Amino acid sequence: MVAAWYASNIGVLLLNKYLLSVYGFRYPVFLTACHMSACALLSSLAHAYAAGAPARRRSRGQLARVAVLGAVFCASVVAGNVSLRYLPVSFNQAVGATTPFFTAVIAYAVAARREACATYAALIPVVAGVVIATGGEPSFHLFGFIMCVGATAGRALKTVLQGILLSSEEEKMNSMDLLRYMSPVAVILLVPATLIMEHEAFGVVATLAREDPNFIWILLCNSSMAYFVNLTNFLVTKHTSPLTLQVLGNAKGAVAVVVSILIFRNPVTFMGMLGYGITVAGVVLYGEAKKRSK
């Protein structure tokens, strides 16, 4: 199960990078629409064929709150895919590791949720590591960096909003049910966004499909993996402890960095790797501080 989680997570990340940067398919909004369409279709099929009790009816208010989460989720995924056009996967993962920092800041700003002093102190190396990695990144791109930071902040905002908007026991959903409701919202937002921002994408896809039959298979595989990332994450979360999940998550980021460097041969520096290591160490300290404060 953990191997499947790693394979799907790292696989979709590397395929996104390959399509958007190496292959030259420069349409991140269209690509995200494909991902969300696959998530909507496969999660609905999985729910339809799952054994068990019938689905609980959701109130209009709850669905409206899920729609807000879907919009934030959609924006963060688009920003993440845009960043992969300009940044190597290794640096993308280093910035993404700062999610706990943004979660703590947004939780305080939005919900006035305070953490212990030790927890905030543990965030210092998280941010310091990214500052060091940024200074040592030979492939740094300002717009890509801004998009990557936006994607990381968007993921943190979704986490905070989910805790606020779906806080009651009656409204709580597991991650797969939430995906089933959020992904159609994302598709509804992304299709018109694609028509406005990347209107030539459909024609390019048709041309590439005629010239390179493998392109469609890559696109379908990539889109399906986006669903299996969520499915395997749900299963690993269900069958492991929070501590094990944290360790596995940190290791997954490191594995993604190593594999991406081996495949794409992007230049790395000692300062860049040192910064990423400091950030990961800060994330581990943050998790320990939160556990002790509870």
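Methionine 36, setting aside neighbours within four places in sequence, is in contact (heavy atoms within 4.5 Å) with Phe73, Ser183, Ala186, Val187 and Leu190. This is a predicted model, where local features need pLDDT of at least 70 and side-chain atom pairs count only at pLDDT 80 or more, while totals for chains, interfaces and linings use all residues. Residues are numbered from 1 along each chain as its sequence is written, and side-chain values use heavy atoms, with hydrogens and water left out.

Met36 also belongs to the largest nonpolar core, which has 28 residues. By nonpolar core I mean a set of buried Ala, Val, Leu, Ile, Met, Phe, Trp, Tyr and Cys residues joined through side-chain atoms within 4.5 Å. Buried is under 20% relative accessible area, exposed is over 50%, and partly exposed is in between, with a 1.4 Å probe and protein chains only. Met36, Leu178 and Leu190 have the most contacts inside that core. At least two of its residues come from each of helix H2 (28-49), helix H3 (60-86), helix H8 (175-197) and helix H10 (213-239). Helices are DSSP runs of H or I with at least four residues, numbered from the N terminus. There is a second, separate core of 20 residues, and Ile10, Leu14, Tyr27 and Leu84 are among them.

Now the helix pairs. H2 and H8 pack at about 150°, with axes 8 Å apart. Axes are lines fitted to C-alpha atoms over the stretch in contact, and angles run from 0 to 180 degrees between N-to-C directions. H2 and H8 are therefore roughly antiparallel; the cut-offs are under 35 degrees for roughly parallel, over 145 for roughly antiparallel, 65 to 115 for roughly perpendicular, and oblique for the rest. Residues making the contact include Met36 and Ala40 of H2, and Val187 and Leu190 of H8.

What is the angle between H1 and H4? Helix H1 (residues 2-22) and helix H4 (residues 89-96) pack at about 125°, their axes 11 Å apart. That pair is therefore oblique. Leu13, Leu14 and Lys17 of H1 meet Val89, Asn92 and Gln93 of H4.

Last, a loop residue. Threonine 98 sits in the loop between H4 and helix H5 (99-111). Is threonine 98 buried or exposed? Its relative accessibility is 5%, so threonine 98 counts as buried. Not counting residues up to four places away in sequence, threonine 98 touches Val126, Val130, Thr152 and Thr279.
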